[in-house]
Every structure is written in structure tokens, then in C-alpha cells.
Amino acid sequence: VMSIKVLIADDHAMMSEGLKTLIETGAAATVVAIVGNGREAVQASLRLNPDVVVMDISMPDLNGIEATRLIRERCPATQIVILSMHSDREQVHRAFAAGAIGYVLKEAAGAEVLSAVRAAAGGRRYLSSAMDEHTINRDAPLSNSPLASLSSRERQVLQLVVEGKSSAEIAGIVHLSPKTVETYRSRLMKKLGVTDIPALVKFAVLNGITSLDS
């Protein structure tokens, strides 16, 4: 049997190490790398072409959902299992809409991660048993979410702004000029109807774009 190549993206080292041991002993899989944020997950996926990425949802710099979208665009053969502390429908829906194939609640991790990795490697969808399919009707439109009005680039800039990065720092991370970053910033604030940074931070936390706990 070919060993499944797995990439782990989680910003908590203990969690990552635990997952690595679990996956390597239980799933006939090899963990090819462990990374600490979404941007590194994208770069590592392009470099290593893993079969499955086990992706924490709330990571600094670039969250798991945006990272999932970018990886699926660039490495369509790589499947993604999202690990999250939240079972709310909005989060789950956004994860699947971004291209994830599995969604596992952190509290249920253990055996479920193994099942999810195996399912994902075989191209099958996996959902934590604690959540039932119809709370997450995939086709239910969530277009009323203000997030839906933002482009992927705007959501990335939003996360970096609320994490306290300056326009110059953001420009370096997303490869744009500081002036363009300023434009994105004012445009996304206008779209979301917020006028100051504290309100923007509150929006981002409420919508699971950043956790600010790491």
C-alpha cells in the first residue's frame, strides 16, 4: 500500500506533534512536514504535493480557510481536512465552499482525524460525527454574510490588518505595494461598513477570520 503523504498545519506545536504521532501510527501515512500558518501551508503544499493537508482553521497570517482555497486552486490533487474548535454552520460551510473535503472538531480529534485522513486520501467527504449533515446543507446560500462580499485578497489583507501588521509589512507578505494595500484596506472597510480598526477586529473575530488567541 502506498503511504499517504500528509502535511500538518497548526500553530500549536503540541497539537502538531500529537497529530503527527497519531497519523503515523494509525493511518499508514507519512507526515512530510509540519507548518505553523496558512501561508507556509500553501508554500509547503506547492513544494511537497501532499495527498492530504490537516489544517487548523485559526492560524496567524493566513487562516485555514483562505489557505485551503489557495491550495485547492494550485494543487487540485491535494485534499484538505479542516480541524476546528467550532461546529457552527457558517464556519463549516465556508470550509467546504473553499474546497475542504473533511471537517473534524478538535475535541473529537483522535480517531476521527485518522478516519478523515483515510477518507480524504480516497476522495471521500468526511464530517465529524458530532455534526449532522443537514445542519450543514452545503447548498444553503450564506451570501448574506458580509464576508462573502470580499475577495480572497481582501480577506487576506483583513486578517493581517486585525493582527496588527502595518501596511508596509502587509505589502511584503502579500507582494503588493503599500499604496495598494491601503486601497484594499479602505475598500474592505467600506464594504463591511466599519469605520475604525477596533470595529474591524471585532468583525474578524466574530466571523472566525482570526482568533487572536495565539
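These notes go through a predicted model, from the overall make-up to single residues.

1. Overall make-up. The protein chain has 214 residues, and buried residues make up 51% of them. Its secondary structure comes to 9 helices and 6 strands. Among the contacts with a separation of 6 or more, 63% are between residues 24 or more positions apart.

2. The sheet. The 6 strands form an open sheet with parallel pairing, in the order β2-β1-β3-β4-β5-β6. At the edges stand β2 and β6 (126-127), each of which pairs on one side only. In general, strands of a sheet pair through backbone hydrogen bonds, either parallel or antiparallel.

3. The parallel pairing of β1 with β2 runs over 6 bridges. To locate the pair by residue, look for Leu 7, which stands opposite Ala 33 in β2. On the sheet, α4 packs with contacts to β4, β5 (102-105) and β6. The direction of α4 makes about 150° with that of β5.

4. Helix α2, its ends. Helix α2 covers residues 38-48. At its start, Asn 37 has a side-chain oxygen within 2.9 Å of the backbone nitrogen of Arg 39. Just after the helix comes Asn 49, with a positive phi of about 50°.

5. Helix α2, its buried residues. Which residues of α2 are buried? They are Gly 38, Arg 39, Ala 41, Val 42, Ala 44 and Ser 45. As background, an α-helix has 3.6 residues a turn, so residues three or four places apart point the same way. The cover over the buried residues of α2 includes strands β1 (4-9), β2 (29-35) and β3 (52-56). Helices α3 (64-74), α6 (152-162) and α7 (167-174) are also included in that cover.

6. Helices α7 and α8. The axes of α7 and α8 (residues 178-192) come within 8 Å and cross at roughly 100°. Because angles of 65 to 115 degrees count as roughly perpendicular, α7 is described as roughly perpendicular to α8. The contact of α7 with α8 has 5 nonpolar, 1 polar and 2 charged residues. On the α7 side are Ser 167, Ala 168, Ile 170 and Ala 171, which meet Pro 178, Val 181, Glu 182 and Arg 185 in α8.

7. Asp 56. This residue is found in strand β3. Is Asp 56 buried or exposed? Asp 56 counts as buried because its relative accessibility is 2%, and the cut-off for buried is under 20%. Its side chain makes a polar contact with the side chain of Lys 106, at 3.2 Å. Leaving aside neighbours within four places in sequence, Asp 56 is in contact with Ala 9, Asp 10, Asp 11, Gly 64, Leu 83 and Lys 106.

8. His 86. The loop between β4 (79-84) and α4 (89-97) holds His 86. With a relative accessible area of 39%, His 86 is partly exposed, a class that lies between under 20% for buried and over 50% for exposed. Apart from neighbours within four places in sequence, His 86 is in contact with Gln 91, Tyr 103 and Leu 105. The C-alpha atoms of His 86 and Ile 57 are separated by 9.2 Å, while the two residues are 29 residues apart along the chain.

Notes
Residues numbered from 1 in each chain as written. Predicted model: local features only at pLDDT ≥ 70, side-chain atom pairs only at ≥ 80, totals over all residues. Heavy atoms only, no water. Buried < 20%, exposed > 50% of the residue type's maximum accessible area, 1.4 Å probe, protein only. Helix = DSSP H or I, 4+ residues; strand = E, 2+ residues; numbered from the N terminus. Contact = heavy atoms within 4.5 Å. Polar contact = N/O pair within 3.5 Å; in protein donor to acceptor, adjacent residues only side chain to side chain. Axes fitted to C-alpha atoms, helices over the stretch in contact; angles between N-to-C directions. Parallel < 35°, antiparallel > 145°, perpendicular 65-115°, else oblique. Nonpolar A, V, L, I, M, F, W, Y, C, P; charged D, E, K, R; others polar. Pairing = 2+ DSSP bridges.
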